[in-house]
Each structure stands twice: as C-alpha cells, then as structure tokens.
Amino acid sequence: MKTHVIVFPGSNCDRDVAVAIENISGSKPDMVWHKNTSIQESDLIVVPGGFSYGDYLRCGAIASTSPVINEVIKKAKAGVPVIGICNGFQILIETSLLDGALIRNKTLSFICKDVYIKPENSSSIFTEYNNVAKMPIAHNEGNYFASDDTLEKIKDNDQIAFKYCNADGLVNEESNPNGSLDNIAGILNDRKNVLGLMPHPERAAEITLGSDQGKNIFEGVLR
Amino acid sequence: MDWSYETEQSLVESHGLKIDEFDSIVKGLGREPNLTELGIFSAMWNEHCSYKSSKYWLKKLPTSGDRVVQGPGENAGVIDIDDGDVAVFKMESHNHPSYIEPYQGAATGVGGILRDVFTMGARPVANLNALRFGDSTHPKTKHLLTGVVEGIGGYGNCIGIPTVGGEVNFHSSYNGNILVNAMTVGIAKKDKIFYSAAAGIGNPVVYVGSKTGRDGIHGATMASAEFDDDSEDKKPTVQVGDPFTEKLLLEACLELMKEKAIIAIQDMGAAGLTSSSIEMASKGNVGLEIDLTKVPMRASNMTAYELMLSESQERMLMVLEPGKEDMARNIFKKWDLEFEVIGRVTDTKNLVLNMHGKEEACIPINILVEDAPEYQREYTVRDPAAEYHLDKAILNNKTIIDDLVKMIGHPNLCSRRWIWEQYDHMVMADTLVRPGSDAAVVRVHGTNKAIAISTDCSPTYCKHNSFEGGKHAVVETWRNLIASGAEPIAITDCMNFGNPEKPEIMGEFVECIRGMTEACSVLSYPVVSGNVSLYNETNGEGIYPTPAIGGVGLIKDINKIKTLAFKELNSKIYTIGKNEGHIGNTQFLSIILNKEIGSTPTIDLSEELKNGRFILELVNQDLILSSHDIGEGGLLVAVAEMAMSGEIGASININDHTHFFSEDQSRYLIEVSPNNEDKINQMALDSNIAIELIGETTKDDLIIRDIGQISVQNLKLKSESWFPNFTK
C-alpha cells in the first residue's frame, strides 16, 4: 500500500491524517513537499487540512498553483484515489478537480464541533459504508455553494458524497452547521475517484478521540 | 547629546522613565545616553520587562520540586512528565493591546506565548486562555468579547495548535481594562531543551523570521502605563500578527533544532530586538555586537531607534555554532523565511550597535540588567470583608429552581460553548477531553499518557480577601486537575493588578502572593513560569486583583481520565469534603441578590490535600464514574453541570437549603456505581474524609426532592443561550 500526503506551507492536519492512515493501513504515507513535481505510484493521495499559505487571497487559491498540483491533477485524471479534507477540499475546488465553491460559514464564524454525515453515493470507494458517521468539522469557509446548473449536474451524476444529518441520519436544517447548499458536506468528481469533504475523518479515527467512524472513509481504499 | 532641561524631561517622561531612573542611567554610563540608548533603557526598564515592582515579592514563591526541570527565568517553565519527556509552559498577558485593538491584541498574545514555548525546543500542543471583560451591560463589552475570541481563534486555528480550554469572567472592574491572558503548553524531550544564554566568543548572531517594520514601537512601554480616555490613540503601538508566518517559523525552528547547530535562542517578544539581544548576552555573561544594517527591514529608512524598539511579530534571535550558517540558512529558505547573520558574540560584555559604519549605541549589559530599578513599594493590606449572614427565608422552596436557572444562565456561570466552538480544539488529534470539563486533557503524542491543564482565578474572592483569593486561584486549578484524574505538578501564573504605586493595590499583590505561596507549598505545586501585568487601570480605577493560574498535571494512563459528565442511570452521587453553608461573597449573592458582600471562603489546605489525594485514590482504583469539583455557584450548579454534560438527570435530596449554593472549599462531587458504595464509604471512614450521599442519577430531569424539577434539556438550553444571544 503506497499512500501520499501533500504538505503545503501552512498545512496543519498533515501529521494527523498520516497517523490515521498508518493506523488503518499499517504503513506510513510518504509526505510530499509542495515543491515536488512528481509523485511515485500511489494508491491514495491526501490533500490535508490546515491554512495553506495562511488562507491569504482565498482559501486554497495559492496552494492550487503549487508545483505539486499538476502532478496531483495528472494522477487524479489517471484514476488514483484523491481525498481533499477541509482546506484540501478548498484546494481541490480551486484546481477545478471538483465543482462548486466553498464560501464563508453562514454564522460568519469559525466552527469546531462534532457533526454527523451520511453517504449519499454508494458507488464510490469512499462511501461504501452506508451508515451515519460522527466526526468534527473545523472551518471558517465550509459553506458549499454551486450554481443551479452545477448542482443539477452533480446531483444527476451522483456526485454528492456526504450530507450533514442528525444522529439518526435525518438530513435537515438543524443539522446543517454552515449553511451548505442541500446540506452538502462532501462531493466527488465525475469519475468518483476524487473526494472533497469539510469534516475531518482523520480526527475521528480512534474511539479515544470520541469517534472512530471517520475510518470508514479511508477503509475502502486502504483495505 | 545636548538637550535642554525641558526637552530632556519630556523625552524621559515620554519614554515612561522617572527622572531619578534617568539619573541612574547617566551615572551608570558616565555620560548622557543618546536617543537610541534612551529607547533601549526605556524598553528594558519599564514595568513589563523589568518586573521592578514585583521582583522582590515573586522571589518568595516556591519554584522547586522533584519534577521541576526549569523554573522561572527562562522563556517558559519545564516539568518532567516521565520517559524522558517534558512539558514546557507559560501564561502571559496581552491586556493593554487587546483593549485597544481586541482582534490583533489577542492574536499576537497567542503568537507571543507560542514562541516562548517553541523557543525552548518544544512543539506546542495546547493553547488555553484566561479572559476578563467588563460588565455585560457596558457598551464596549460585546465588541471586546467578540474581537478577542475571534483573535484567539484566528491565530491558534491557523497555526494549527488546539485551543483546549480557558476561563472567562465578566465584572465591572474590567470595564476600562480587559484582561487577555494566553497560555501555551508544549512537549519536548528532556535532553533537547534550548536555552537563551549566548556563548562562544565570535559566534554568529542570527536573525530569523519576519522582516522588521515600524509596528509595535513602544508596545511594552504602553503596556506599563495606565489608560485614560485617549487610549484609542495608542492603536499604532499594537502589533499585527501573522499566524501563517509563525507556523513556518515553528516548523523551521523545530527542524533546525534536530541538528546540533543552535547554541542559544530567544524569541523577539516585548521590546523586540532590544530585550532578546540583552537577555541572551546577560544570561551568557557576554557582549553582543550587532550591525543593524543587516536586519531584514519591511520599511525603508528605518533608524537604529526604530529597529531596536519595533515589536514586529514572528521573529527570533539565535546564536549558532560557527560553520552551521549555510545549513541553517537552507532550512529557513525552504520555509520562505528571512535568515541573516546580524552580529557576533563578543567578550566586551557590552551591547554595541552599528549602522552604516557608525556606532549607534554602546551600553554595558550589566547596567541594563543588574542596575535595573527594583522597588519595594509601600503597601497596605485591607481588612478582609466581614462575614455575611443570609436570611434563610430567601432560600425558600418556591424559588430554588428559578434561582438555579438564573445562575446557570448568568454570564459568569453559563456554558462557554459559543466561545470554544470558534476555536479549533481538535487539531493535532490528541485532545482527549475537550473544553467544558474541569480540565482539558491532551495526550502526549504517540503515548498512552496525557497532560491535564486548567486555568483559574476568582477575582471577587481576591478583592475581598487577597490572601484567601491567592490561595484559591492556585487550589482551584489543582482541584480541576484532580477531578480529571491527573496528578497536579506545577503552575504558571499571570499576575494582573492595578497601579503598584498605590499602597492598597500593592497590598493586594503582596497578599495574593502570600496566599499563592502557602497553597503552592502545602500542595507541593510549585510555580515554574509567569508574567506580571501592572497598571491595569483606566482613569485611576484599578481592576480587581487577578492572579490567573495555569496548572498542569500528568495522567499516566489515559484510561484513568475522568470527566464531569454523568455516565450512567441509577448511580449514586456523593459529595466529598465538608458541606458547611458558607454563603458570603458567593455567586448566589451576586447573581440572585445582586450583592457583592461577605467574606471570601477560607481554605484549609491540609483538608484540601487530603480530599484531593482521596479522589486520586478512587480514580486509581477505578471506583468512580465521574468527578467534578464544586466551584463557584456551589453544589446545585455543579450537579447541573454534570447533568447537562452527560445529558442524564439527577434526583437530589438535601435538607439544609444553605448547602444548595454555598461555596465551601475543598469539595468534589463523584458519581459512583452502587456496587462500589460500600468500599468507598469504608475508605472515607478510614481516611477521615467527609462524605455525604446527596442523590442518584435518573433519566431526563434534575429533581430536587420536595422542591421541584426541571428537564436537563431545558437547563442546557438556558445555559447555552446567553453567549449567542448576547453576541447576536
């Protein structure tokens, strides 16, 4: 099993996701500095959370021009599984690997708390566990937005990966923490090998931390 | 320099120095200082950097213990947490800047304390804070609260260090002078701690981090003066933080620290390049020669004066092993940071500054440090407030539930969820107990042990009996650590007081120190680092004495962690410690009767020690399900907190109504499975511990027998709605 975690200046969940991957798969991922221009053969590439480039300009915008990104795009297009978590999701959107936009939370404040999400798509490698999972969010700009056309397209094409819901799996307004359109917590690309999500599955990968249900998202790939 | 007497006097005063202090500068130098030198003396001799009013008293605090690796005097304190690991921690104030500009003031407070910790070679793993705001009805409070919380989150979230706990109070004494105290805890290896003493004549002095600009000039001097109505004009002295750069600086420093290259390292905090260079030279008993033209500058035409006094953030000064410059430069280049050799270590014991080939300053280090003024200021101790006797009719059955609801919905006792949900408290994936319990618990990465951390202080206790208040602040953190299942080890203190030139304020300081000293001694709970913030006054009104304490403890096995949340239905609830009914100076009087009156409760430290040890024994033998200290607000509030946290109800049966809200000290609540009741009662009897069964856990409701009941959901709603409503 060969996995890679991209490290940008300002990434701060790179270690957390590396630990989770190692715990699940038994092998340590390679940490790839953003200035690298190539990535070895890979079974999974993770674009981790954090504040790449301080989130200056616009979240993920500067990181999306880093040298390593071309290689990430190339690998993604070749079908390698790619997960972007939180800031990583924002970066993948900036690269246009994923559709839509992530705008300021409806509350206009940073939110760190546990949420529940449930898979909407059962055909991707990340969403095959069809149950509700508890994990934390921690972001300022996680409010998913897309134009009507784009939303229709990702719906028609079964690209919604996860929706925010309550503990019983009910998708409603109260369980939407940040104002995301249609409670969308994560989406897939056309081919379903690229996932972007705002919640942090790596922070919910052992029961001591309050939940291990985040493991589900990695297990399809790492098993 | 030829100054007229008037110019001289106004220059000296505008630098926050007294004329007699200026005279001793002239005497020490054997000449008058030039402007740059005057600026340097001003920066070093202000209250914030010199501790001139407090030093004498701080020396009385106990600072040693079996686990103390480094006590006060370095960038942060260091304690041994077994297996070759150490915890490095300190708390520091950023009060004055936060009042002027809450977001940046609070943000750079976090940035500064983080640097203090990673300067020593530790990776920061937890941020906490202690905040005081004015009365919630004061027109500025909402703006200051939202700004400070956003600033703390803005910095900590971005750099990726979890903010795991803290405390907040509202009181009118902070209307014109809020307090923002930030604490950081880091983890390092015991044999890889870095210190600040410069050494090795001829070794390069290296500047790393951000460029130097004109921001924050005279920040430390501003922080050593009282405020008046024109304080807003001081905005330009507040620094601007860049947590992204700090993240790069953190990673670059830790990367370089893996190599054997750094001889000494010091962050540039208050008084920037001045205090960092002088600190390093003084500790190493050497001189430094610096070429200021080499300092990376953000603005053009900066003068020596400005370069030495700038408080631009995210900068460090280091002395490197000769020959390691290129290797070190490459690391900082990788992280896109400035790296310049700006000087060298000399044997002259002078601080020599050159610029464009001209000598701008030459000051013997010992004059700056050893000759710094030290005062034994006059003090008077007020008599503690008199005992207050409550008319028991006030505690009638009909009002108890309403009183409880008012109390748990009051800004000083309600849920802080609105605050901590704005802080990333989970990043680094080691936060085992999140904010909202007695202490935050953070796992030592990759191990099965954890540290518990708590910040505390009760300013009203301190105001009405500074000695007992000082004791209480220390003890409250100790209790919180115990209740979390941790062995308390040591504290950091952040001493916030008014103008020390007023004997009554100085008396509060002296008495708080005396109380802290007694508590630290009896509990073997030494002070390993700290900070003093004086002149917290506006228009002559001082704040309440606020010795904020940050306590750190060790949990050897994470399976022994305890939280306050009720865990099971039908378990028994006991109090440990004597329920005596002390009602003076309590939250009940303040919130329900609107009276700040009566005596601060006293603490019997031997009782405290005994009860705390007993709780730890129960924890070690796995005999309790949850535990919580009984703090401000008293017994019923504490039960309600356990119920809300666990979303489990309780049925309480207490005959003496004065026990509902009294604030007797040294007490805990424990939740016990019925199977363990006999054993615990026997142990209490054997150890002469006061123990009382007060009820049991039930579904959904908090029931006070023969009085009334309320649903836990309703309580929670009341407790969690104050902050969101207030800040809407």
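Two residues are in contact here if their C-beta atoms, placed from the backbone, lie within 7 Å. Welcome to this predicted model, in which local features need pLDDT of at least 70, side-chain atom pairs count only at pLDDT 80 or more, and totals for chains, interfaces and linings use all residues. Residues are numbered from 1 along each chain as its sequence is written, while chains are lettered from A and ligands numbered from 1 in the order in which they are written.

**A proline in chain B**
- B:Pro435 sits in the loop between strands S14 (431–433) and S15 (440–443) of chain B; strands are DSSP E runs of at least two residues and helices are H or I runs of at least four, numbered from the N terminus.
- Leaving aside neighbours within four places in sequence, B:Pro435 is in contact with residues including B:Val164, B:Trp420 and B:Ala440.
- B:Pro435 counts as buried because 20 other C-beta atoms lie within 10 Å; the cut-off is 20 or more for buried, 12 or fewer for exposed, and partly exposed in between, with C-beta atoms placed from the backbone.

**Helix H1 in chain A**
- H1 of chain A covers residues 14–25.
- Among its buried residues are A:Val17, A:Ile21 and A:Ile24.
- Just after H1(A), A:Gly26 has a positive phi of about 85°.

**Strand S1 in chain A**
- Five of the five residues of S1(A) are buried.
- A:Thr3, A:Val5 and A:Val7 lie on one side of S1(A), with A:His4 and A:Ile6 on the other.

How values were computed:
Expected span 1.5 Å × (residues − 1).
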